[in-house]
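Subject: Structure for your files

Hello,

Please find the structure below, followed by notes on what was found in it.

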Amino acid sequence: MQTQGNAGQRPSDIYFFATCVVDQFFPGAGLDAITLLEREGIRVHFPEEQTCCGQPAYTSGFPDEARKVAAHQLTLFPENWPVVVPSGSCAGMMKHHYPTLFADDPVRKAQAEALSVRIYEFTDFLVNVLGFQSEDKGADCTVVLHTSCSARREMGVHLTGRQLLSNLKGVKVAQQDHESECCGFGGTFSIKQPEISGAMVEDKVKSLKATGAERVVSADCGCLMNILGHAAWKDKQEGRQTPSLPGEHIASFLLRRTSK
Amino acid sequence: MSEHAMNFMPSEGFRARSKEVVENPFLRQSFRGAMDFLINKRITQFPSAEELETLRTLGEQIRQYNLGKLPTLLVQLEESLTRNGIQVHWAETPDEANAIILGICQKHSAKLMVKGKSMVSEEIELNHACEAAGIEAMESDMGEYIVQLAGEKPSHIIMPAIHKTKEEIARLFHEKVEGVDYTDNVDELIQIGRKVLREKFLVADIGLSGVNFAVAETGTLCLVENEGNGRLSTTAPPVHIAITGIEKIVEKLDHVPPLLSLLTRSATGQNISTYFNMISGPRKADEKDGPTEVHLVLLDNGRTQAYADEQLRKTLQCIRCGACMNHCPVYTRIGGHAYGTTYPGPIGKIISPHMLGLDATKTMATASTLCGACGEVCPVKIPIPDLLMRLREESFSEPHVAWAMVYRSPSLYKVATWLGSRFNWLTPSNQGPWTSVRTPLKPAPKRLRDLLKERA
């Protein structure tokens with residue numbers, strides 16, 4: 001569990017690093033996460049100059065390009081506040097790979113290390129820093145949770161999403177087979193190896209649907225793009241008008257369930 | 001000298017080969033079932049996560065300690081083995097290794113070599129070299145025997161014939177083994193193989209085996225196996241030739257038990273293998289059996305290249321358990337043959353570039369989501385995803401200049417994403433590989449930063 005830094009203490013202010021995927025493709029999820037955090041009495045700061053954590057270049061084998069992009073993000077969080085990221089994948093990049101990326105640059109390395117301890121994945125922050133508890137106001141439903149590989153293996157926060165959902169009394173969390181297996185997104189992998197990626201997401205969607213859950217929730221929009229994109233494609237192929245596997249970011253689900 | 005496969009380009013055709021498997025529902029289901037079986041067997045061997053973690057750390061430390069002293073230990077190993085009467089040979093390349101082995105065979109006018117399971121012998125394509133030299137090389141591990149009969153290569157380093165169903169094996173035995181009627185009864189199939197092989201052990205001139213651990217201090221070659229064919233290959237024929245990569249060395253016997261435990265539990269989910277052989281020399285004057293000559297061939301084949309780099313050296317920690325394959329979502333989808341390399345799966349992706357060159361293997365480095373499942377189960381904690389990223393870094397030279405320009409510059413980012421959201425109706429519906437199984441990606445009409453401004 002990632003609870004160092006401000007663990008246990010409720011901060012008055014935080015930075016929100018939305019990630020480029022949320023900013024451009026899932027803005028509603030970002031807004032819902034911010035609304036939830038503000039409802040907890042926290043001032044949320046959104047540095048306007050933020051772009052992308054640099055992971056796409058980093059994992060594709062272009063550390064120089066990743067460094068240029070990451071160096072820019074390093075300058076955005078001057079106050080000693082937690083930086084909350086609504087993605088295990090991008091949080092993992094900033095927390096674990098920034099210090100490695102700047103290993104040969106003493107000044108930036110120090111900045112990266114100072115930033116690293118302040119990086120929190122969204123669900124981890126809710127559970128382990130805020131002790132988030134909120135009354136479930138929704139009707140009974142069954143959902144299935146997909147946890148990203150980065151959240152699970154790099155950030156070690158694979159339990160917090162489930163914890164948040166189980167605290168909602170009307171929500172039953174279904175268990176899919178091969179839960180810990182990757183959905184097949186992998187950034188540029190989905191483009192460079194489309195056949196294997198396609199097979200992986202096909203199996204993932206099948207296992208999620210087999211639970212009979214009404215929707216899938218995840219704390220990573222990269223996985224959601226892949227999973228929901230395939231589910232919608234399949235619906236289209238098979239002539240279904242309504243989505244057989246709707247889904248959303250866990251922040252949107254939590255906010256809706258706990259709002260009047 | 002025979003032609004071996006060192007000139008081939010596994011990267012070429014990788015996508016076509018994987019596509020073929022992925023589109024075969026029968027194979028997909030069969031690989032998935034086999035991997036699930038192995039994953040579940042392993043889980044039962046590690047009921048305590050804490051014990052597993054302690055043991056993995058110990059395994060990592062033992063391997064790193066011994067790799068740290070590798071040059072000294074190799075000298076020590078040669079001395080100890082020589083003292084024990086085992087003849088030591090050094091091979092830098094597969095060609096050299098084959099020449100050494102064939103040289104020994106020719107000295108003994110050998111006609112038949114019976115082989116215990118050895119991935120290094122696959123790495124040097126020894127069977128082809130033997131065939132070219134007129135020596136029959138016969139695999140005695142059941143899985144290896146099956147793939148040899150089928151004219152194939154192993155698709156998994158521990159379970160070479162995991163891609164075959166019992167019906168396929170039944171047909172193969174019926175067609176290729178004299179006087180065998182079709183049966184898909186597994187016990188009967190095993191008995192058929194066993195009968196053929198038993199006769200060969202008795203008449204073979206040479207027994208060949210791999211090595212799991214070579215102990216420098218005592219000059220002992222340790223061999224892990226389940227079928228007894230390893231013991232027969234190393235004791236029945238008059239000459240035993242062992243072959244191993246130079247990295248399989250440990251300094252002390254004390255180092256073996258933790259690694260052995262990690263190996264069998266991670267590989268096949270067994271507490272211990274059925275056989276564990278410790279070979280410390282040829283037959284002595286007062287002994288009744290055992291080979292009269294024992295040789296060890298130590299192969300480099302790119303290992304010193306990996307060794308020279310602190311990060312890449314971790315690749316050599318591998319004890320060849322295959323757990324990374326069993327847990328890999330990519331291997332599970334495509335099986336071992338699609339990789340086109342001797343060692344498939346995650347470990348294959350990081351070791352093959354040292355053997356075949358980066359150019360020949362660079363596509364393989366892209367065939368990973370970096371999900372981390374391999375690193376998580378590796379019994380000696382090889383950071384496989386980090387090593388894959390390192391290889392990606394070294395494989396690709398054309399930089400993504402435009403991408404970096406946009407994302408390092410807030411103003412360009414703002415313009416580019418504003419255009420994307422405002423003109424999102426212009427998003428193409430055909431987005432290449434992405435839309436082959438997914439709906440198109442379309443930027444939202446308003447970005448998060450726009451929604452935040454509106455709200456304020």
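In chain B of this predicted model, the C-alpha centres of domain 1 and domain 2 lie 52 Å apart. Domain 1 of chain B covers 5–304 and domain 2 covers 401–455; domain bounds come from an automatic or database domain assignment.

On conventions: residues are numbered from 1 along each chain as its sequence is written, while chains are lettered from A and ligands numbered from 1 in the order in which they are written. As this is a predicted model, local features need pLDDT of at least 70 and side-chain atom pairs count only at pLDDT 80 or more, whereas totals for chains, interfaces and linings use all residues.

Chain B overall

The C-alpha trace of chain B spans about 95 × 55 × 45 Å along its principal axes. The secondary structure of chain B comes to 22 helices and 10 strands; helices (H or I, at least four residues) and strands (E, at least two) are DSSP runs, numbered from the N terminus.

Of the 456 residues in chain B, 49% are buried. A residue is buried if 20 or more other C-beta atoms lie within 10 Å of its own, exposed if 12 or fewer, and partly exposed in between, with C-beta atoms placed from the backbone. Among contacts in chain B between residues at least 6 apart in sequence, 74% join residues at least 24 apart. Two residues are in contact if their C-beta atoms, placed from the backbone, lie within 7 Å.

A sheet and a helix in chain B

Four strands of chain B form an open sheet with mixed pairing, in the order β8-β5-β6-β9. Two strands pair if DSSP finds at least two bridges between them. At the edges stand β8 (249–250) and β9 (275–279) of chain B, each with a single partner strand, so one side of each has no neighbour in the sheet. Strand β5 (residues 213–215) of chain B runs parallel to β8(B) and is joined to it by 2 bridges; B:Ala214 stands opposite B:Ile249. Helix α12 (residues 256–268) of chain B lies across β5, β6 (220–225), β8 and β9 of chain B, at about 20° to β6(B). Axes are lines fitted to C-alpha atoms, for helices over the stretch in contact, and angles run from 0 to 180 degrees between N-to-C directions.

Chain A

Chain A is divided into domain 1 (13–129) and domain 2 (141–257), with 22 Å between their centres, taken over C-alpha atoms. Their contact takes 27 residues from domain 1 of chain A and 24 residues from domain 2 of chain A.

An open sheet of 4 strands in chain A has parallel pairing and the order β6-β5-β7-β8. Its edge strands are β6 (171–174) and β8 (247–249) of chain A, each pairing on one side only. The twist averages 35° from one strand to the next. Strand β5 (residues 141–146) of chain A pairs with β7(A) over 4 bridges, in the parallel sense, and A:Leu145 has A:Val217 as its bridge partner. Helix α13 (residues 250–257) of chain A lies across β6, β7 and β8 of chain A, at about 90° to β8(A).

A:Ala213 is found in the loop between α11 and β7 (215–218) of chain A. What makes A:Ala213 count as buried? There are 22 other C-beta atoms within 10 Å of A:Ala213. Not counting residues up to four places away in sequence, A:Ala213 touches A:Thr142, A:Val143, A:Val144, A:Ala174 and A:Leu208.

Where the chains meet

The contact between the chains takes 52 residues from chain A and 49 residues from chain B. On the side of chain A that touches chain B, the largest share, 8 residues, comes from α11(A). The residues of that side divide into 24 nonpolar, 15 polar and 13 charged. Here Ala, Val, Leu, Ile, Met, Phe, Trp, Tyr, Cys and Pro count as nonpolar, Asp, Glu, Lys and Arg as charged, and the others, Gly among them, as polar.

Helix α20 (residues 401–408) of chain B has the buried residues B:Ala404, B:Val406, B:Tyr407 and B:Arg408. The buried residues of α20(B) pack against α3 and α4 of chain A together with α21 (410–422) of chain B.

Regards
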